[in-house]
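Here are my notes for a first look at this structure. Please keep the 3D view open while you read.

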Amino acid sequence: MFTGRAKIAVKVLKPFGDWKTGDVILLEDWKAKELWESGVVEVVDEADKIIGEIDRAIQEEKDNEPIMPLPAGLYERAEFYTYYLENYVRMNAGEGVEAINVKLTKLANLKKKLEHLKMIRFRKILEAVRLRPNSLEILSRLSPEEKRVYLQISKIRNEWLGED
């Protein structure tokens, strides 16, 4: 699930190794998950920041015809904060209604915008495969997840059209 490609800000709650209580550090997503679930750290909620990055990426895609590069690790960070918000709500169900509603609103917004970005980019990937299969230039603009989709669809296209 988590790849280690995304860096997540966390606040140390309990001394751990060289970390002192109150330190804010960046960890790989899988480490942040494990330590948060263990109660060693608290995740710094940057969901609004990720939503803003997704909004900018959506606008960039709308303003430009070719597929544009995404900020590094955007999908991974969005995936982490989706996980964090879902689990925060589940684990803190007894907390104040207002705090839970804020997290639920962020979660719904994050999921909706991420799906919208993926749909825009998927349409552009399909068009790129139609016109330019296996292009290194196109590949350089894609996230690792998108590269896999682009290459697999390019292979199917080339087999179908006999253009190996």
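1. Which residues does W30 touch, not counting residues up to four places away in sequence? The partners are F2, T3 and G4. W30 itself is found in helix 1, which covers residues 29-37. Its relative accessible area is 41%, so W30 is partly exposed. Now look across to V129. It lies 99 residues from W30 along the chain, and the two C-alpha atoms are separated by 33 Å. Please bear in mind throughout that this is a predicted model.

2. Next, the overall layout. The chain has 6 helices and 3 strands. From the N terminus, the order is β-β-α-β-α-α-α-α-α. The C-alpha atoms fill a box of roughly 60 × 35 × 25 Å along the principal axes.

3. Burial and surface come next. The chain has 164 residues, and 41% of them count as buried. The accessible surface comes to about 9600 Å². Carbon and sulfur atoms hold 56% of that surface. Consider also the contacts in the chain with a separation of 6 or more: 64% of them join residues 24 or more positions apart.

4. Start the helix packing with helix 2 (residues 47-63) and helix 3. They pack at an angle of about 140 degrees, and their axes are 10 Å apart. The two helices are therefore oblique to each other. The crossing of helix 2 and helix 3 is left-handed. Helix 2 brings A47, I50, E53, I54 and A57 to the contact. Helix 3 answers with L74, R77, A78, Y81 and L85. By class, this contact has 8 nonpolar residues, no polar ones and 2 charged ones.

5. Helix 3 (residues 74-91) also packs on helix 4. The angle here is about 150 degrees, with the axes 9 Å apart. That makes helix 3 roughly antiparallel to helix 4. This crossing, too, is left-handed. On the helix 3 side, the contact takes in L74, Y75, A78, Y81, T82, Y84, L85, E86, Y88 and V89. On the helix 4 side, it takes in I100, K103, L104, K106, L107, L110, K111, L114, L117, K118 and R121. The residues of the contact divide into 14 nonpolar, 1 polar and 6 charged.

6. Which way does helix 4 cross helix 6, right-handed or left-handed? The crossing is right-handed. Helix 4 spans residues 97-131 and helix 6 spans residues 144-161. They pack at an angle of about 35 degrees, and 9 Å separates their axes. From helix 4, the residues in contact are R121, F122, I125, L126, A128, V129 and R130. From helix 6, they are E146, V149, Y150, I153, S154 and R157. The class count is 8 nonpolar, 1 polar and 4 charged.

7. Follow helix 4 along its length. N101 lies in this helix. N101 is partly exposed, with a relative accessible area of 40%. V129 sits 28 residues from N101 along the chain, and 42 Å separates their C-alpha atoms.

8. Check the backbone at N134. Most residues other than glycine have a negative phi. N134 is not a glycine, yet its phi is positive, at about 55 degrees. The residue lies in the loop between helix 4 and helix 5 (136-139). N134 is partly exposed, with a relative accessible area of 38%.

9. Is L142 buried or exposed? L142 is buried: its relative accessible area is 7%, and the cut-off for buried is under 20%. Its place is in the loop between helix 5 and helix 6. Leaving aside neighbours within four places in sequence, L142 is in contact with I67, R121, I125, K147 and Y150. L70 is 72 residues from L142 along the chain, yet their C-alpha atoms are separated by 7.2 Å.

Key. Residues are numbered from 1 along each chain as its sequence is written. This is a predicted model: local features need pLDDT of at least 70, side-chain atom pairs count only at pLDDT 80 or more; totals for chains, interfaces and linings use all residues. Side-chain values use heavy atoms; hydrogens and water are left out. Axes are lines fitted to C-alpha atoms, for helices over the stretch in contact, and angles run from 0 to 180 degrees between N-to-C directions. Helices (H or I, at least four residues) and strands (E, at least two) are DSSP runs, numbered from the N terminus. A crossing is left-handed if the near helix is turned anticlockwise from the far one by less than a right angle, and right-handed if clockwise. Contact means heavy atoms within 4.5 Å. Ala, Val, Leu, Ile, Met, Phe, Trp, Tyr, Cys and Pro count as nonpolar, Asp, Glu, Lys and Arg as charged, and the others, Gly among them, as polar. Buried means under 20% relative accessible area, exposed over 50%, partly exposed in between (1.4 Å probe, protein chains only). Accessible areas come from the Shrake-Rupley method with a 1.4 Å probe; for residues, only the protein chains shown count as cover. Angles under 35 degrees count as roughly parallel, over 145 as roughly antiparallel, 65 to 115 as roughly perpendicular and the rest as oblique.
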